[in-house]
Every structure is written in structure tokens, then in C-alpha cells.
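I opened my notebook for a friendly look through this one. My plan is to jot down what I looked up, entry by entry.

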Amino acid sequence: MNPPAANSPDGPAAHRTGGPGIRRPRTSKTRNPTARSARRQAQAHAPTPQEPERRRLRKQAQAGRIIIPSSLTILAICAGLTAMRAATTGDIDVAMGLLVAAAFLDGIDGRVARLMGATSRIGAEIDSLADAINFGVVPAMIVYFFLLDGEDLGWALALIYCCAIVLRLARFNTLLDDDEAPGYTRDFFVGVPAPAAAICALLPIGLAQQFGEGWWTSLPAVGGWLVLVAFLAVSRVPTASLKTASIPPRAVAGLLVLVAVGAALLLTYPYLLMLIGIAGYAIHIPFAWRSRRWVASRPEYWDEKPAERRAQRKASKTAPGGRRRRPVLKSQRRLGLNRPTGAPVAVQNPEPVADETESETR
């Protein structure tokens, strides 16, 4: 009897697979789970936290980030109030140094909050109150205690300055919510900002420390200066904003030289540096007013960058021949006359010119 063929249904292959048409499942070798795979399996089967729990953890993380910028603001308030206390004891150098430290801390707290993603409504309110104290109350009290102590009129003028700074900050906060303002308004402040007003209000102290006592330390001069700074703070005079300013690459070297000069003056003649800064800020106001007036009358440039607007303004001042345009007088406009450009003009078909006797008889 012959054995069954290998490829026949009754052959050895059929016995190995369990009969014709039936295949045995392959068995894989079992592995011991590693620590990583066990961790993944545990995370996959772990129950997900509920939505209230997630919200609670998110609020805790947000509260932790808010503490750092808010702490900087509180430190700025403490430094400003301590500067006012130092002014009462006559230590004016310490008072000025603490006021500068308060301004520095108040200037970086907002940037730190934006970098950490910790901006909040309460942080904005604390920062506004810190500005009112450090740039409104403290400078006025330093000037009063150092130059106007005991003068009733001086106290009234100091109160006027404080109230003006508070009103200026209130208007600034309301303008932040104006979403319909043109794009160019971000490049200008309405009135003198509170930090610049605080530095300007301390001008009599800088003059007294640099040049000694004089007419600039008298009650009319100091009081009149405080009222002038208060008026500039609440006015609608446009001033430049450095938040959107850009530095061209070719001006980096010159700017670094100015920084070095400023650092040298800060270490040797700090009050002279303050006087130079106040003078430079006062000089820039007419240029800022003129620039804002130019862009306000040209809506096509409202959304352009400041550098592009300056280039357009410079190009509009030059004639096609490369010369600057000269203003046309009213009499020239009425008679239809233009200034000669210097280029010869060919005259075609000239009419005969009457002699002088004929023209005079007419």
C-alpha cells in the first residue's frame, strides 16, 4: 500500500494543519513587559481628570504666574513711598535714587507679565495705582518737602500736579479700550506721559543740586513749573511713544556711543544728565506734533509703519528734480505764476513784443 503523497489532502501537511482547509493559529513568543510599556499601559487605562479638576489646576498655575509681576509692582510702590520719606529727612540723593528704582520696577513689571503670559485685570489695576503714586504723589511731595516746605501756596500747587497726573492716567486707561482708533495713534501719546511728567517736575531739584540756589528755586518759579507740567500732562499735545520705535542698523554704533556717554554722566554728573534729558524731551514735542498732524491728514498712511511714513514724508518734500519744494505765495497762486526751475524752455511761435512807448501809452 503506497503512502499518501506529500501534497495530497491526506498527506503529512494535512496532518500538520489539522486536516484539509484548516490552519492552526501561530503562537507568538510571550514577552515580559518593560517599565516603559507598563507605564504606557497604566497611563492608557488611567481615568482622565474631570473638567472641574482641570480648571482648578489651570487657575492655580495662573495665580502662581501672576505673583511675580505683581510683586514687582508692589516693590515699586514701596520704593516710591520710601523715597518720599527720605525727602522729609533732607536726604535728597537717596530719594532720587529710590524714585529711579521705583520707575525701573514699574517699567518692567508689564513686560515680565507679557513674557510669562500672566497678564490679568488685577495686575493692570495695580500697575495703574502704582503709576498714580510713583509718578503723581511722590514727585510732588519730594518737590514740596525739599523746596516748598511750609508754603501754603506750594502745597496747593503740589495738589494740582497730583490731581493732573491722576486725570491723565484715567484718560489713558479709557483710550486703551478704543478699538476704533486709527493705527497711527499707537505711535503717539495724548499729552505728556506720567513717567516723563514726573522727571520734568523734578527739574527745580536738579537745578538746585547742580547750580545751587537761585531764582529757579523760588516759589513762583517752582510753582509755575509744576502747573506747566500738570497742564502738559492733561493736554492733548501729542508726544512720541518709544514702544513702536525701531532702530535702523546703521544707527546702532551711534546709539551705543550715546549709551556710553549717558552712563559716564550718570556716574559722575547725574543731575546734569537729568537736565539734558528734560531739555531733549521738550525739544522733541514740536516735531511730534508736526508728525502727528501730517499723518492725521493722510488716511492712506495710517496703517503704515513709522519708518515707512517718515520715508513717504521725506519723499513728499522733494520735487521731481531733487530740490525741495518752496511754498507758493498767495499772490503767485492768484496770478498763476510759478518760480523758474532753471531749465531753458523753448518758446514756439513767439508773438511780437510791443515797444515800451506803446505799452506805456496803453
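**Entry 1: a helix pair**

I began with helix α10 (residues 252-268) and helix α11 (residues 270-296), whose axes come within 5 Å and cross at roughly 130°. That angle makes α10 oblique to α11. I kept in mind that this is a predicted model.

Next I asked myself: which residues of α10 meet α11? From α10 I noted Gly 262, Leu 265, Leu 266 and Thr 268, and on the α11 side they meet Pro 270, Leu 273 and Ile 276. Sorting the α10 and α11 contact by class, I got five nonpolar residues, two polar ones and no charged ones.

**Entry 2: the annotated spans**

For residues 188-208, I found the end C-alpha atoms 32 Å apart, with 67% helix and 14% strand in the span. For residues 247-265, I found the end C-alpha atoms 23 Å apart, with 74% helix and 0% strand.

**Entry 3: Ala 170**

My last stop was Ala 170, which I located in helix α6 (residues 152-176). Is Ala 170 buried, partly exposed or exposed? Its relative accessible area is 41%, so I wrote Ala 170 down as partly exposed, since that class lies between under 20% for buried and over 50% for exposed.

I also looked up Ala 170 against Ser 128: they are 42 residues apart in sequence, and their C-alpha atoms are 8.6 Å apart in space.

How values were computed. Residues numbered from 1 in each chain as written. Predicted model: local features only at pLDDT ≥ 70, side-chain atom pairs only at ≥ 80, totals over all residues. Heavy atoms only, no water. Helix = DSSP H or I, 4+ residues; strand = E, 2+ residues; numbered from the N terminus. Buried < 20%, exposed > 50% of the residue type's maximum accessible area, 1.4 Å probe, protein only. Axes fitted to C-alpha atoms, helices over the stretch in contact; angles between N-to-C directions. Parallel < 35°, antiparallel > 145°, perpendicular 65-115°, else oblique. Contact = heavy atoms within 4.5 Å. Nonpolar A, V, L, I, M, F, W, Y, C, P; charged D, E, K, R; others polar.
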